[in-house]
Amino acid sequence: MAGFTCDIVTPVAKLVSEEATLVVVPGVEGEMGFLKGHAPLVSVLADGEARMTAADGQVKHYALQGGYVEVGDDKVIILADRALPSAEIDVAQVRERLSAIEAELSELSEDIVRKTTLTADKAWCEVQLKVAKAA
């Protein structure tokens with residue numbers, strides 16, 4: 001089956017640009033899957049797992065946090081706030097970071113917590129652990 005290009009881009013760098021036959025992303029209303037020739041679309045992403053079936057049939061898993069997906073002209077572009085291949089997730093390190101964040105959150109008032117990125121950082125750790133477990 002002929003494929004299409006899938007790019008995963010973060011504010012830091014282009015993480016992936018390769019040929020795919022299927023891309024599945026976490027949308028705010030559920031998962032969305034894209035094949036070659038999908039109608040043009042722009043949608044908001046939820047935190048979660050993206051799966052990409054490469055042209056060779058290998059399924060690759062990525063942890064995503066926030067962002068958008070754009071589909072059009074035989075290309076899927078995932079613009080994520082944060083993204084990481086499942087193979088690069090260090091579960092022990094993520095668990096350690098999550099424990100530290102939870103300890104810090106327990107010591108702060110709700111007002112102060114709203115002024116930090118700790119809630120988003122906690123969610124990012126949780127997404128990475130979920131994706132590492134599923135991959």
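Student: For this chain, what share of the contacts with a separation of 6 or more is between residues 24 or more positions apart?
Tutor: Residues 24 or more positions apart make up 53% of those contacts, where contact means heavy atoms within 4.5 Å. Keep in mind that this is a predicted model: local features need pLDDT of at least 70, side-chain atom pairs count only at pLDDT 80 or more, and totals for chains, interfaces and linings use all residues. Numbering starts from 1 along each chain as its sequence is written, and side-chain values use heavy atoms, with hydrogens and water left out.

Student: OK, how many helices and strands are there?
Tutor: The chain has 3 helices and 7 strands, taken as DSSP runs (helices H or I, at least four residues; strands E, at least two) numbered from the N terminus.

Student: In what order do they come along the sequence?
Tutor: The pattern is β-β-β-β-β-β-β-α-α-α.

Student: New topic: how much of the chain is buried?
Tutor: Of the 135 residues, 40% are buried, i.e. under 20% relative accessible area with a 1.4 Å probe, protein chains only.

Student: Where is Valine 28 found?
Tutor: Valine 28 sits in the loop between strand E2 (14–27) and strand E3 (30–34).

Student: And is Valine 28 buried or exposed?
Tutor: Valine 28 is exposed, because its relative accessible area is 58% and the cut-off for exposed is over 50%.

Student: What are the rough dimensions of the box for the C-alpha atoms?
Tutor: Along the principal axes, the C-alpha atoms of the chain fill roughly 55 × 30 × 25 Å.
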